[in-house]
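Me: I would like to go through some of the labels attached to this model and see what each of them rests on.

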Amino acid sequence: MPVSAHLIDAPAGTPADILRTAEARFLRELERLLCDDLAPALRAFESAQDSSAEDLSKDEIRLASRWATAYDKARQAGMRDLGETAEAYFSVRIDG
């Protein structure tokens with residue numbers, strides 16, 4: 001299932017090609033870390049944000065945890081060439 005990522009609140013004046021490269025690097029890293037679990041992990045993470053732990057299955061909790069870990073690593077990879085960007089983050093959505 002296709003997933004897209006967009007960098008939000010990037011440093012002012014960052015060239016568009018640098019932003020696209022950061023988004024592509026972030027998404028590649030997420031895909032590498034999660035493979036076929038990328039979309040299910042994102043859904044599980046979103047469910048975890050809207051639910052209490054007792055409302056989630058063990059598999060949803062496991063996937064949500066994997067998402068959080070992978071997102072952090074992918075964020076570091078994506079931000080690599082952007083310098084100090086404390087406010088910037090990647091918004092990820094499932095396309096389609």
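Me: Why is Arg66 called partly exposed?
Reply: In this predicted model, the relative accessibility of Arg66 is 28%, and since buried means under 20% relative accessible area, exposed over 50% and partly exposed in between (1.4 Å probe, protein chains only), Arg66 counts as partly exposed. Asp37, at 26%, counts as partly exposed by that definition.

Me: What makes Arg66 and Asp37 a salt bridge?
Reply: A salt bridge is a side-chain nitrogen of Lys or Arg within 4 Å of a carboxyl oxygen of Asp or Glu, and the side chains of Arg66 and Asp37 meet at 2.5 Å, N to O, so the pair qualifies. Arg66 lies in helix α3 (residues 58–79) and Asp37 in the loop between α1 (16–34) and α2 (38–50), so the pair ties together parts that are 29 residues apart in sequence; helices here are DSSP runs (H or I, at least four residues), numbered from the N terminus.

Me: What conventions apply?
Reply: Residues are numbered from 1 along each chain as its sequence is written, and side-chain values use heavy atoms, leaving out hydrogens and water. Local features need pLDDT of at least 70 and side-chain atom pairs count only at pLDDT 80 or more, whereas totals for chains, interfaces and linings use all residues.

Definitions and conventions:
Helices (H or I, at least four residues) and strands (E, at least two) are DSSP runs, numbered from the N terminus.
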